[in-house]
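I opened this entry to note what I looked up, one item at a time. My notes follow the order in which I checked things.

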Amino acid sequence: MIISIQYLYYLVGIILAITAVMTLRDASNPRRYSAGIFWALYAVVFLVGDTLPPVWVGVIAVAMALIAGFGGVLGGKHQPRTDAQYLESARRLGNKLFIPALAIPLITMVGTLSAKYLMVGGVPLIDPKNTTLVSLGIGCVIALGLACKLTHETPMQGLRESHRLIDALGWALVLPQMLGMLGLVFSDAGVGKAVAYISTTYINMDVRFVAVAVYVIGMALFTVIMGNGFAAFPVMTGGVGVPVLVGVYHGDPAVMAAVGMLSGYCGTLLTPMAANFNLVPAALLEIDKNAVIRAQVPTAIALLIVNVFLLNFLMFR
(Lines give C-alpha, C1' and ligand atoms only; values in the text may rest on other atoms or scores of the structure.)
Protein backbone atom coordinates (compact mmCIF):
# COMPACT_ATOMS: atom_id res chain seq x y z
CA MET A 1 0.00 0.00 0.00
CA ILE A 2 1.27 3.47 -0.87
CA ILE A 3 -1.05 5.70 1.19
CA SER A 4 -1.97 4.06 4.48
CA ILE A 5 -3.91 5.24 7.52
CA GLN A 6 -0.59 5.58 9.33
CA TYR A 7 0.29 8.62 7.22
CA LEU A 8 -2.90 10.29 8.42
CA TYR A 9 -1.88 9.57 12.01
CA TYR A 10 1.53 11.09 11.35
CA LEU A 11 -0.10 14.21 9.92
CA VAL A 12 -2.36 14.60 12.97
CA GLY A 13 0.64 14.03 15.23
CA ILE A 14 2.68 16.72 13.46
CA ILE A 15 -0.18 19.23 13.78
CA LEU A 16 -0.52 18.43 17.49
CA ALA A 17 3.24 18.72 17.99
CA ILE A 18 3.24 22.16 16.35
CA THR A 19 0.26 23.10 18.53
CA ALA A 20 2.23 22.02 21.60
CA VAL A 21 5.15 24.28 20.59
CA MET A 22 2.80 27.21 19.92
CA THR A 23 1.14 26.68 23.28
CA LEU A 24 4.46 26.60 25.13
CA ARG A 25 5.44 29.88 23.45
CA ASP A 26 2.08 31.58 24.12
CA ALA A 27 2.74 34.03 26.97
CA SER A 28 -0.99 34.87 27.18
CA ASN A 29 -1.83 31.32 28.25
CA PRO A 30 -1.81 31.04 32.07
CA ARG A 31 -1.29 27.26 31.80
CA ARG A 32 0.99 27.20 28.80
CA TYR A 33 3.46 24.66 30.21
CA SER A 34 0.92 22.10 31.40
CA ALA A 35 -1.22 22.62 28.28
CA GLY A 36 1.84 22.30 26.05
CA ILE A 37 2.80 19.03 27.73
CA PHE A 38 -0.80 17.81 27.29
CA TRP A 39 -0.77 18.39 23.53
CA ALA A 40 2.78 17.02 23.23
CA LEU A 41 1.69 13.77 24.92
CA TYR A 42 -1.29 13.55 22.57
CA ALA A 43 1.05 14.06 19.61
CA VAL A 44 3.25 11.20 20.82
CA VAL A 45 0.27 8.82 20.68
CA PHE A 46 -0.26 9.57 16.99
CA LEU A 47 3.40 9.73 16.00
CA VAL A 48 4.84 6.66 17.71
CA GLY A 49 1.90 5.09 19.52
CA ASP A 50 2.00 1.98 17.33
CA THR A 51 5.60 1.28 18.41
CA LEU A 52 5.06 1.87 22.14
CA PRO A 53 4.06 -0.88 24.59
CA PRO A 54 0.32 -0.66 25.42
CA VAL A 55 1.17 0.07 29.06
CA TRP A 56 3.09 3.20 28.05
CA VAL A 57 0.17 4.43 25.97
CA GLY A 58 -2.06 3.82 28.99
CA VAL A 59 0.30 5.84 31.18
CA ILE A 60 0.15 8.69 28.64
CA ALA A 61 -3.67 8.56 28.69
CA VAL A 62 -3.71 8.69 32.50
CA ALA A 63 -1.21 11.57 32.53
CA MET A 64 -3.37 13.52 30.08
CA ALA A 65 -6.46 12.87 32.21
CA LEU A 66 -4.66 14.13 35.33
CA ILE A 67 -3.45 17.29 33.57
CA ALA A 68 -6.97 18.04 32.28
CA GLY A 69 -8.61 17.07 35.58
CA PHE A 70 -6.50 19.54 37.56
CA GLY A 71 -7.30 22.38 35.16
CA GLY A 72 -4.01 22.32 33.32
CA VAL A 73 -5.45 22.73 29.83
CA LEU A 74 -6.45 26.32 29.16
CA GLY A 75 -6.30 28.47 26.06
CA GLY A 76 -4.49 31.70 25.40
CA LYS A 77 -5.93 35.00 24.27
CA HIS A 78 -6.29 35.20 20.51
CA GLN A 79 -6.89 38.50 18.78
CA PRO A 80 -10.04 38.07 16.63
CA ARG A 81 -10.59 39.92 13.42
CA THR A 82 -12.90 42.91 13.46
CA ASP A 83 -16.40 42.77 12.00
CA ALA A 84 -15.22 45.05 9.18
CA GLN A 85 -12.45 42.60 8.29
CA TYR A 86 -14.88 39.71 8.28
CA LEU A 87 -17.29 41.61 6.00
CA GLU A 88 -14.52 42.65 3.62
CA SER A 89 -13.28 39.07 3.38
CA ALA A 90 -16.82 37.79 2.80
CA ARG A 91 -17.42 40.31 0.00
CA ARG A 92 -14.09 39.48 -1.65
CA LEU A 93 -14.47 35.70 -1.55
CA GLY A 94 -18.26 35.33 -1.78
CA ASN A 95 -19.50 31.80 -2.40
CA LYS A 96 -15.96 30.66 -3.21
CA LEU A 97 -15.64 30.06 0.54
CA PHE A 98 -17.70 26.90 0.08
CA ILE A 99 -15.21 25.34 -2.35
CA PRO A 100 -12.74 24.02 0.27
CA ALA A 101 -15.55 22.89 2.58
CA LEU A 102 -17.36 21.00 -0.18
CA ALA A 103 -14.11 19.56 -1.53
CA ILE A 104 -13.65 17.46 1.62
CA PRO A 105 -16.81 15.29 1.32
CA LEU A 106 -16.52 15.18 -2.47
CA ILE A 107 -12.93 13.90 -2.45
CA THR A 108 -13.78 11.50 0.39
CA MET A 109 -16.64 10.02 -1.63
CA VAL A 110 -14.65 9.79 -4.85
CA GLY A 111 -11.68 8.22 -3.08
CA THR A 112 -13.85 5.69 -1.25
CA LEU A 113 -15.72 4.60 -4.37
CA SER A 114 -12.70 4.49 -6.67
CA ALA A 115 -10.12 3.06 -4.26
CA LYS A 116 -10.37 -0.50 -5.59
CA TYR A 117 -9.53 0.72 -9.09
CA LEU A 118 -6.50 2.79 -8.03
CA MET A 119 -3.54 0.45 -8.40
CA VAL A 120 0.18 1.07 -8.90
CA GLY A 121 2.10 -2.00 -10.05
CA GLY A 122 -0.66 -4.23 -8.75
CA VAL A 123 -0.49 -2.59 -5.30
CA PRO A 124 -3.48 -0.58 -3.95
CA LEU A 125 -2.83 3.15 -3.92
CA ILE A 126 -5.09 3.60 -0.86
CA ASP A 127 -5.26 1.34 2.18
CA PRO A 128 -8.19 -0.98 1.29
CA LYS A 129 -9.09 -1.44 4.98
CA ASN A 130 -9.37 2.29 5.63
CA THR A 131 -10.35 3.80 2.30
CA THR A 132 -12.82 6.29 3.79
CA LEU A 133 -10.49 7.64 6.46
CA VAL A 134 -7.53 7.88 4.09
CA SER A 135 -9.70 9.60 1.48
CA LEU A 136 -10.92 12.00 4.18
CA GLY A 137 -7.33 12.85 5.06
CA ILE A 138 -6.46 13.44 1.41
CA GLY A 139 -9.57 15.62 1.07
CA CYS A 140 -8.54 17.74 4.07
CA VAL A 141 -5.03 18.29 2.68
CA ILE A 142 -6.39 19.29 -0.75
CA ALA A 143 -9.00 21.54 0.90
CA LEU A 144 -6.23 23.30 2.84
CA GLY A 145 -4.40 23.95 -0.42
CA LEU A 146 -7.59 25.33 -2.00
CA ALA A 147 -8.22 27.55 1.02
CA CYS A 148 -4.68 28.93 0.85
CA LYS A 149 -5.07 29.58 -2.87
CA LEU A 150 -8.39 31.39 -2.46
CA THR A 151 -7.39 33.49 0.53
CA HIS A 152 -3.76 34.07 -0.50
CA GLU A 153 -2.68 32.82 2.93
CA THR A 154 0.07 30.35 3.81
CA PRO A 155 -0.36 26.89 5.41
CA MET A 156 1.12 28.45 8.55
CA GLN A 157 -2.02 30.54 8.89
CA GLY A 158 -3.98 27.31 8.82
CA LEU A 159 -1.86 26.03 11.71
CA ARG A 160 -2.50 29.25 13.63
CA GLU A 161 -6.24 28.83 13.13
CA SER A 162 -5.90 25.20 14.18
CA HIS A 163 -4.16 26.36 17.36
CA ARG A 164 -6.94 28.88 18.03
CA LEU A 165 -9.65 26.26 17.57
CA ILE A 166 -7.81 23.70 19.72
CA ASP A 167 -7.47 26.34 22.44
CA ALA A 168 -11.22 27.00 22.23
CA LEU A 169 -12.06 23.29 22.53
CA GLY A 170 -9.42 22.42 25.12
CA TRP A 171 -9.28 18.91 26.53
CA ALA A 172 -12.70 18.11 25.02
CA LEU A 173 -10.91 17.58 21.69
CA VAL A 174 -9.63 14.19 22.85
CA LEU A 175 -13.04 12.96 24.07
CA PRO A 176 -14.07 11.07 20.89
CA GLN A 177 -10.93 8.92 20.95
CA MET A 178 -10.98 8.45 24.73
CA LEU A 179 -14.67 7.54 24.76
CA GLY A 180 -14.18 5.10 21.91
CA MET A 181 -11.62 3.29 24.07
CA LEU A 182 -14.01 3.50 27.03
CA GLY A 183 -16.62 1.54 25.10
CA LEU A 184 -14.15 -1.33 24.61
CA VAL A 185 -13.17 -1.19 28.27
CA PHE A 186 -16.82 -1.34 29.34
CA SER A 187 -17.45 -4.29 27.06
CA ASP A 188 -14.41 -6.25 28.25
CA ALA A 189 -15.18 -5.43 31.90
CA GLY A 190 -18.62 -7.05 31.63
CA VAL A 191 -20.69 -3.89 32.06
CA GLY A 192 -23.27 -5.37 29.67
CA LYS A 193 -23.77 -8.33 31.99
CA ALA A 194 -24.10 -5.98 34.96
CA VAL A 195 -26.74 -3.97 33.10
CA ALA A 196 -28.60 -7.20 32.32
CA TYR A 197 -28.54 -8.24 35.98
CA ILE A 198 -29.72 -4.86 37.28
CA SER A 199 -32.46 -4.44 34.68
CA THR A 200 -33.88 -7.95 35.14
CA THR A 201 -33.60 -7.85 38.93
CA TYR A 202 -35.06 -4.42 39.68
CA ILE A 203 -37.26 -3.73 36.65
CA ASN A 204 -40.29 -5.75 35.56
CA MET A 205 -39.01 -6.92 32.19
CA ASP A 206 -41.96 -9.33 31.86
CA VAL A 207 -43.85 -6.45 30.24
CA ARG A 208 -42.60 -6.14 26.68
CA PHE A 209 -43.17 -2.40 26.41
CA VAL A 210 -41.16 -1.83 29.59
CA ALA A 211 -38.28 -3.88 28.18
CA VAL A 212 -38.36 -1.84 24.97
CA ALA A 213 -38.39 1.43 26.94
CA VAL A 214 -35.44 0.28 29.07
CA TYR A 215 -33.40 -0.51 25.97
CA VAL A 216 -34.24 2.71 24.13
CA ILE A 217 -33.80 5.04 27.10
CA GLY A 218 -30.73 3.12 28.24
CA MET A 219 -29.09 3.64 24.87
CA ALA A 220 -29.66 7.38 25.18
CA LEU A 221 -28.44 7.54 28.80
CA PHE A 222 -25.27 5.53 28.17
CA THR A 223 -24.55 7.72 25.14
CA VAL A 224 -24.93 10.81 27.33
CA ILE A 225 -22.41 9.31 29.77
CA MET A 226 -19.98 7.98 27.18
CA GLY A 227 -20.51 10.61 24.48
CA ASN A 228 -20.61 7.99 21.76
CA GLY A 229 -23.51 5.87 20.51
CA PHE A 230 -21.11 3.26 19.17
CA ALA A 231 -19.61 2.86 22.65
CA ALA A 232 -23.05 2.55 24.26
CA PHE A 233 -24.37 0.05 21.71
CA PRO A 234 -22.46 -3.09 22.82
CA VAL A 235 -23.29 -2.37 26.47
CA MET A 236 -27.06 -2.02 26.06
CA THR A 237 -27.40 -4.52 23.24
CA GLY A 238 -25.42 -7.14 25.12
CA GLY A 239 -27.25 -6.40 28.36
CA VAL A 240 -30.86 -5.92 27.25
CA GLY A 241 -31.22 -6.01 23.48
CA VAL A 242 -30.03 -9.52 22.63
CA PRO A 243 -30.92 -11.45 25.80
CA VAL A 244 -34.34 -9.84 26.39
CA LEU A 245 -35.75 -8.25 23.23
CA VAL A 246 -34.41 -10.92 20.88
CA GLY A 247 -33.94 -13.91 23.20
CA VAL A 248 -37.15 -13.63 25.21
CA TYR A 249 -39.54 -11.71 22.95
CA HIS A 250 -38.08 -12.93 19.61
CA GLY A 251 -37.85 -9.46 18.14
CA ASP A 252 -36.16 -8.57 14.86
CA PRO A 253 -32.47 -7.89 15.66
CA ALA A 254 -32.02 -5.67 12.60
CA VAL A 255 -34.83 -3.35 13.68
CA MET A 256 -33.54 -3.40 17.26
CA ALA A 257 -30.05 -2.36 16.12
CA ALA A 258 -31.31 0.40 13.82
CA VAL A 259 -33.70 2.01 16.31
CA GLY A 260 -31.23 1.42 19.13
CA MET A 261 -28.51 3.40 17.37
CA LEU A 262 -31.03 6.14 16.53
CA SER A 263 -31.87 6.29 20.25
CA GLY A 264 -28.18 6.57 21.02
CA TYR A 265 -27.98 9.56 18.71
CA CYS A 266 -30.71 11.20 20.81
CA GLY A 267 -28.27 10.99 23.69
CA THR A 268 -25.57 12.50 21.48
CA LEU A 269 -27.72 15.61 21.09
CA LEU A 270 -27.88 16.03 24.87
CA THR A 271 -24.28 15.71 26.02
CA PRO A 272 -21.15 17.86 25.97
CA MET A 273 -19.21 14.57 25.95
CA ALA A 274 -19.98 14.40 22.22
CA ALA A 275 -17.51 17.21 21.67
CA ASN A 276 -17.23 16.86 17.90
CA PHE A 277 -21.00 17.31 17.50
CA ASN A 278 -21.87 19.82 20.21
CA LEU A 279 -18.75 21.77 21.22
CA VAL A 280 -16.94 22.17 17.91
CA PRO A 281 -19.84 24.07 16.21
CA ALA A 282 -20.15 26.35 19.24
CA ALA A 283 -16.42 27.04 19.18
CA LEU A 284 -16.46 27.73 15.44
CA LEU A 285 -19.39 30.13 15.78
CA GLU A 286 -17.87 31.66 18.93
CA ILE A 287 -21.11 31.29 20.91
CA ASP A 288 -21.96 29.87 24.33
CA LYS A 289 -20.54 26.33 24.44
CA ASN A 290 -23.88 24.87 25.59
CA ALA A 291 -26.04 26.77 23.10
CA VAL A 292 -26.06 23.92 20.58
CA ILE A 293 -27.15 21.39 23.22
CA ARG A 294 -29.95 23.63 24.52
CA ALA A 295 -31.29 24.03 20.98
CA GLN A 296 -31.29 20.24 20.46
CA VAL A 297 -33.02 19.19 23.71
CA PRO A 298 -36.66 19.36 22.41
CA THR A 299 -35.77 17.36 19.29
CA ALA A 300 -33.86 14.72 21.27
CA ILE A 301 -36.61 14.17 23.86
CA ALA A 302 -39.39 14.05 21.27
CA LEU A 303 -37.51 11.63 19.04
CA LEU A 304 -36.61 9.42 21.99
CA ILE A 305 -40.28 9.07 22.95
CA VAL A 306 -41.18 8.26 19.35
CA ASN A 307 -38.42 5.63 19.24
CA VAL A 308 -39.94 3.74 22.17
CA PHE A 309 -43.25 3.32 20.36
CA LEU A 310 -41.56 2.82 16.99
CA LEU A 311 -39.38 -0.05 18.22
CA ASN A 312 -42.30 -1.65 20.06
CA PHE A 313 -44.34 -1.55 16.85
CA LEU A 314 -41.75 -2.49 14.20
CA MET A 315 -39.69 -5.06 16.08
CA PHE A 316 -42.51 -7.50 16.79
CA ARG A 317 -44.60 -7.39 13.62
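Predicted model: local features only at pLDDT ≥ 70, side-chain atom pairs only at ≥ 80, totals over all residues.

**Helix pair.** I began with α10 and α11, whose axes come within 8 Å and cross at roughly 160°. An angle over 145 degrees counts as roughly antiparallel, so α10 is roughly antiparallel to α11. I noted the crossing of these two helices as right-handed. Then I listed the contact residues. On the α10 side they include Ala-211, Val-212, Tyr-215, Gly-218 and Phe-222. On the α11 side they include Gly-229, Phe-233, Val-240, Gly-241 and Leu-245.

**Overall.** Next I stepped back to the whole chain. I found 15 helices and 2 strands in the chain. Its C-alpha atoms fill a box of roughly 65 × 50 × 50 Å along the principal axes. The chain has 317 residues, and buried ones make up 36% of them. I also looked at contacts between residues at least 6 apart in sequence, and 73% of these join residues at least 24 apart.

**Cores.** Which residues have the most contacts inside the largest nonpolar core? I found Tyr-215, Val-240, Leu-245 and Leu-311, in a core of 30 residues. Four helices, α10, α11, α12 and α15, each supply at least two residues of this core. Helix α10 gives the most, with 10 residues. Apart from this core lies another one, of 14 residues, and Leu-16, Ala-20, Val-73 and Ile-166 are among them.

I then followed Leu-245. Leaving out residues up to four places away in sequence, Leu-245 touches, among others, Tyr-215, Val-240, Met-256, Leu-311 and Phe-316. His-250 is also one of the residues it touches.

**Helix α1.** I moved to α1, which covers residues 5-24. This helix of 20 residues reaches 29 Å from first C-alpha to last, close to the 28 Å expected. Its buried residues include Ile-5, Gly-13, Leu-16, Ala-20 and Met-22. What do the buried residues of α1 pack against? I noted α2, α6 and α7.

**Two histidines.** I looked up phi for two loop residues. Most residues other than glycine have a negative phi. His-152 has a positive phi of about 60°, and its place is in the loop between α6 and α7. His-250 has a positive phi of about 55°, and this residue lies in the loop between α11 and α12. Are they buried or exposed? His-152 is exposed, at a relative accessible area of 68%. His-250 is exposed too, at 64%.

**Ala-274.** I found Ala-274 in the loop between α12 and α13. Its relative accessible area is 0%, so Ala-274 is buried. Setting aside residues up to four places away in sequence, Ala-274 touches Gly-227, Thr-268 and Leu-279. I also checked Ala-274 against Asn-290, 16 residues apart along the chain, and their C-alpha atoms are separated by 12 Å.

**Thr-131.** My last stop was Thr-131, in helix α6. Why does Thr-131 count as buried? Buried means under 20% relative accessible area, and Thr-131 has 15%, so it counts as buried. Neighbours within four places in sequence aside, Thr-131 is in contact with Thr-112, Ala-115 and Ile-126.

Definitions and conventions: Residues numbered from 1 in each chain as written. Heavy atoms only, no water. Expected span 1.5 Å × (residues − 1). Buried < 20%, exposed > 50% of the residue type's maximum accessible area, 1.4 Å probe, protein only. Contact = heavy atoms within 4.5 Å. Core = buried A, V, L, I, M, F, W, Y, C linked by side-chain atoms within 4.5 Å. Axes fitted to C-alpha atoms, helices over the stretch in contact; angles between N-to-C directions. Parallel < 35°, antiparallel > 145°, perpendicular 65-115°, else oblique. Left-handed = near helix turned anticlockwise from the far one by under 90°.
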